[in-house]
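Please read the following report beside the sequence and the coordinates.

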Amino acid sequence: MSGANAIAGPVLEIRGISKRFGALQANRDLTFSLDRGEVLALLGENGAGKTTLMNILFGHYVPDAGEIYFQGKRLPQGSPAASLGLGIGMVHQHFTLGENLSVLENVLLGTESLFRLSQDNKTARDKLITLSERFGLRVDPDRLVAELSVGERQRVEILKALYRDVEVLILDEPTAVLTPQESVQLFSALRNMVAQGMSIIFISHKLAETFEIADRVVVLRRGEIAGVFDTEATSEGALAHAMVGRDLPKLDRRPAKPAEAIMTLRSVSVRLAEENNLHDISLELKAGEVVGIAGVSGNGQRTLTDLLGGNLTATSGELVLEGRLITKASPREFIEAGVARIPEDRHEVGIVGEMSIPENLIIESYRDSEFQRGGWMRGRQIAQYAKSLCDTFDIRGSGEAQQAKELSGGNIQKLILARVLNKRPRLIIASQPTRGLDVGAQSQVHQRLLDAKQSGAAVFIVSEDLEELFALCDRLHVMFEGRLSESIPIEQANIDDIGLMMTGKVIRSSGRAA
Amino acid sequence: MRLERRQGVPIAVRLALPLIAIAVALALCSFFLLWAGTNVGQAYLSLAKGAFGSRFALTETLTRATPLIFTGLAAAVAFRAKLWNIGAEGQLYVGAMAITFFGTGLVSLPPVLMVPFLFFVAIVAGGLLLLISTVLKTWLRVDEVVTTLLLNFVVLLFVDYLLFGPWKDPMALGWPQAARIIEEGRLAGIVPRSRLHTGVLFALGAACLVWILMRYTRWGFEIRAVGHNIKAAHFSGIPVKWAVMRTALLSGGLAACAGVTEVAGTKGYLTVDISPGFGYTGIAVAMLAGLNPLGVIGAAIFFAGIYNGADSMSRAMNVSNYIADVITATALLSMLVCSLLVQYRLRRD
């Protein structure tokens with residue numbers, strides 16, 4: 001921990017910040033301070049108010065009440081330029097880089113006047129190189145951002161802030177897009193920064209990494225501070241309790257009893273016009289077993305789930321579902337064959353946002369005689385069915401006429417789960433099933449998937465969250481550049497090897513890096 | 001300043017929306033009337049009288065609203081499925097050509113059968129015309145805005161050719177017009193000493209049917225799902241291409257019905273000027289109605305009333321009847337702004 005050389009006196013003080021959006025109290029009377037040379041984690045579920053607070057800090061929003069003091073001086077409100085000028089920098093979850101510009105140009109963008117860009121960048125380049133060496137953020141100043149990996153892009157974002165001589169750096173969920181190894185590199189760079197007197201606010205909803213990097217943790221729940229903890233004097237359980245407001249039920253996971261193969265892929269390749277091709281994939285999904293795919297996103301996972309869900313046809317190779325060849329089937333045939341699909345993009349693909357909750361619940365089965373007869377939709381049956389599903393799956397909306405897009409992310413995911421799991425599927429294809437969900441909703445989704453496995457379904461999960469995969473899966477594959485590693489039983493998998501494989505390193509089946 | 005989405009807009013507000021928009025439009029247009037140097041109150045009074053103020057005005061407005069209801073429905077149905085059919089004008093004329101071909105003596109049936117038969121052939125013709133653009137769109141990704149719009153001119157020029165050539169009625173004293181629709185195929189008058197004919201009843205019935213279709217049937221379910229979110233519809237196993245094709249047949253068919261009401265109802269025979277742009281005005285009607293089939297009825301009557309009323313206003317007050325175009329255009333714009341403000345609230349921070 002780097003808290004050792006912290007100097008007394010807060011660098012940033014947040015006093016009584018409140019912010020309201022319509023009916024939602026996003027922040028209520030928040031007060032805490034950031035000391036020089038410390039990493040302060042802001043931990044909370046989605047919707048707890050973390051991002052709102054940071055946007056207030058950085059000047060994107062004006063608070064309804066409260067003030068912020070930077071080194072004892074009151075921070076002008078609503079001006080990102082003022083925050084930057086004083087030395088507060090922010091790295092957003094979604095990068096804001098120009099892909100067609102070089103690293104150096106991106107760093108200079110908005111800092112220097114554009115006309116000087118080509119003439120006087122010798123000093124700028126030197127400064128950038130010095131900075132990147134000083135903090136261990138290696139990146140070539142002349143490469144185009146388009147050519148950089150996600151981890152490198154993040155470094156550029158951080159360097160962009162450092163170039164402006166910030167003293168406080170705010171990072172919004174920085175590890176969401178990184179491999180475990182990249183996270184380790186990021187953390188060591190962050191430790192370097194605080195050792196040299198900077199202060200960092202680290203926003204996260206992941207407990208483990210919060211413990212690893214932070215000196216202190218401010219836990220937010222429903223817009224209020226649920227507790228401030230010293231990481232050295234607390235436990236993960238205490239943080240989780242503060243964050244969720246209750247103890248999480250333990251997942252009921254039983255050993256797999258793999259039975260017959262439900263879905264088999266035989267050397268399937270998919271060639272698309274763009275990237276994300278699949279090369280010679282073979283895979284077997286068995287009843288009563290959970291198989292997971294680990295990998296950095298953009299390595300063909302989406303193509304694979306599209307393929308397994310019937311949204312895409314293979315260029316070559318065969319798909320066999322319960323002994324039947326379905327290489328050239330449509331989504332409808334997959335649905336009718338008992339394939340439950342939980343799409344990655346739940347808002348854009350999972351639901352028709354403008355239609356009602358009941359309509360979205362039957363959208364995969366609206367042809368059933370239960371819901372329509374002779375072309376007439378049976379409104380009363382549909383409403384009854386929807387009501388019982390909303391009760392069973394705890395979908396909380398304001399009524400049956402409500403548009404599905406007005407539901408929260410967690411409730412949308414529950415709607416999709418209700419739609420597909422209620423039909424007792426033979427195979428479940430889940431893509432990022434808990435991304436963006438809060439811890440409570442996450443554990444509900446996990447338990448539903450494990451229950452489905454218990455009742456004899458084959459479950460297939462693609463996730464960027466390794467902890468999730470380790471918690472649910474019986475076997476793992478790692479995906480890299482459209483290829484699949486061999487199957488790794490979960491007992492033999494270790495998180496470091498998986499992380500290396502995610503970056504393309506080949507690991508022998510003995511489990512050692514080659 | 002920024003926009004923030006509102007939660008749960010009350011139904012009453014949504015229903016009042018077009019009325020508010022119209023009020024705003026009239027208020028805005030009063031500046032133009034002032035500019036033209038007339039008394040605004042009297043001008044609007046004569047406009048209202050000209051639109052709805054007498055038996056003659058009322059029947060004329062409804063006669064004019066009839067084709068607008070059909071073209072408005074055509075646009076509403078197609079736009080609901082995100083099929084941008086700008087070709088209602090062409091489909092209208094194709095329908096008119098179809099009934100001229102079959103209805104001027106080639107087929108002769110008793111009236112109870114002849115009228116439905118004429119509607120049927122027109123619907124098929126209009127539907128097929130839009131189907132051309134739709135097939136190009138779904139299979140070859142050709143932009144349907146372009147193809148439907150351009151086909152309007154192709155159709156209109158073809159009508160021109162027919163009326164100056166093979167279909168020219170020798171009894172018409174040299175005018176470019178086709179032979180009359182036979183008596184069995186005419187839409188009967190329903191109010192004596194007026195031009196109003198049964199076409200208006202067909203139009204009202206069609207609006208109700210379309211409303212029921214969109215709301216209570218499987219087809220409507222598919223069309224709405226495809227229109228709102230084509231990706232999710234495809235993902236959920238809805239046959240997207242077929243749903244769009246069915247929509248095309250329906251939309252083109254509805255537009256063609258406007259051709260039937262004008263040729264077999266109002267006019268009696270095909271000329272090249274049976275439609276003063278009903279196909280294009282239908283788009284504005286559908287937008288003002290918020291794509292709601294029942295709303296199309298009100299919007300079409302409003303548009304027809306404004307056009308008729310503006311004529312009498314221009315006679316009485318000596319202002320240009322182009323004010324009608326200004327009013328309808330302003331109503332549309334204020335409708336768009338009002339619906340934005342109903343869905344979002346402005347926030348100043």
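## Helix α12 of chain B

In this predicted model, where local features need pLDDT of at least 70, side-chain atom pairs count only at pLDDT 80 or more, and totals for chains, interfaces and linings use all residues, α12(B) is mostly covered, with 20 of its 25 residues buried; a residue is buried if 20 or more other C-beta atoms lie within 10 Å of its own, exposed if 12 or fewer, and partly exposed in between, the C-beta atoms being placed from the backbone. Residues are numbered from 1 along each chain as its sequence is written, while chains are lettered from A and ligands numbered from 1 in the order in which they are written. Helices (H or I, at least four residues) and strands (E, at least two) are DSSP runs, numbered from the N terminus.

At 1.5 Å a residue, the 25 residues of α12(B) should span 36 Å, and the end C-alpha atoms of the helix are 35 Å apart, which agrees; the expected span is 1.5 Å times one less than the number of residues. Just after α12(B), Asn318(B) takes a positive phi of about 60 degrees.

## Helix α1 of chain B

Helix α1(B), residues 11-35, likewise has 25 residues that should span 36 Å at 1.5 Å a residue, and its end C-alpha atoms lie 38 Å apart, which agrees. The helix bends by about 40 degrees at Leu17(B), with a proline, Pro18(B), following within four residues; the bend at a residue is the angle between axes fitted to the seven residues ending there and the seven starting there.

Both Leu17(B) and Pro18(B) belong to the buried residues of α1(B), which also include Ala21(B), Ile22(B), Ala25(B), Cys29(B) and Leu33(B). Their cover includes α2 (40-52), α11 (278-288), α12 (293-317) and α13 (323-343) of chain B. After α1(B) comes Gly37(B), whose phi is positive, near 80 degrees.

## Packing of α2 and α3 in chain B

α2(B) packs against helix α3(B), residues 55-80, at an angle of about 70 degrees, with the axes 5 Å apart; axes are lines fitted to C-alpha atoms, for helices over the stretch in contact, and angles run from 0 to 180 degrees between N-to-C directions. The two helices, α2(B) and α3(B), are therefore roughly perpendicular to each other, a term for angles of 65 to 115 degrees. Lys49(B), Gly50(B), Ala51(B) and Phe52(B) of α2(B) make the contact with Ala57(B), Leu58(B) and Thr61(B) of α3(B), two residues being in contact if their C-beta atoms, placed from the backbone, lie within 7 Å.

## Contact between the chains

Chain A brings 27 residues into contact with 20 residues of chain B. On the side of chain A that touches chain B, α10 (331-336), α11 (346-350) and β18 (376-377) of chain A each supply at least two residues.

## Loop residues of chain A

Most residues other than glycine have a negative phi. Arg222(A), which is not a glycine, has a positive phi of about 50 degrees and is found in the loop between β9 (216-221) and β10 (224-230) of chain A; with 15 C-beta neighbours inside 10 Å, Arg222(A) counts as partly exposed. Asp394(A) also has a positive phi, near 60 degrees, but is exposed, with 12 other C-beta atoms within 10 Å.

Asp394(A) is placed in the loop between α13 and α14 of chain A. Glu406(A) has its place in the loop between α13 (379-393) and α14 (409-421) of chain A, and is partly exposed, with 15 other C-beta atoms within 10 Å.

Key: Angles under 35 degrees count as roughly parallel, over 145 as roughly antiparallel, 65 to 115 as roughly perpendicular and the rest as oblique.
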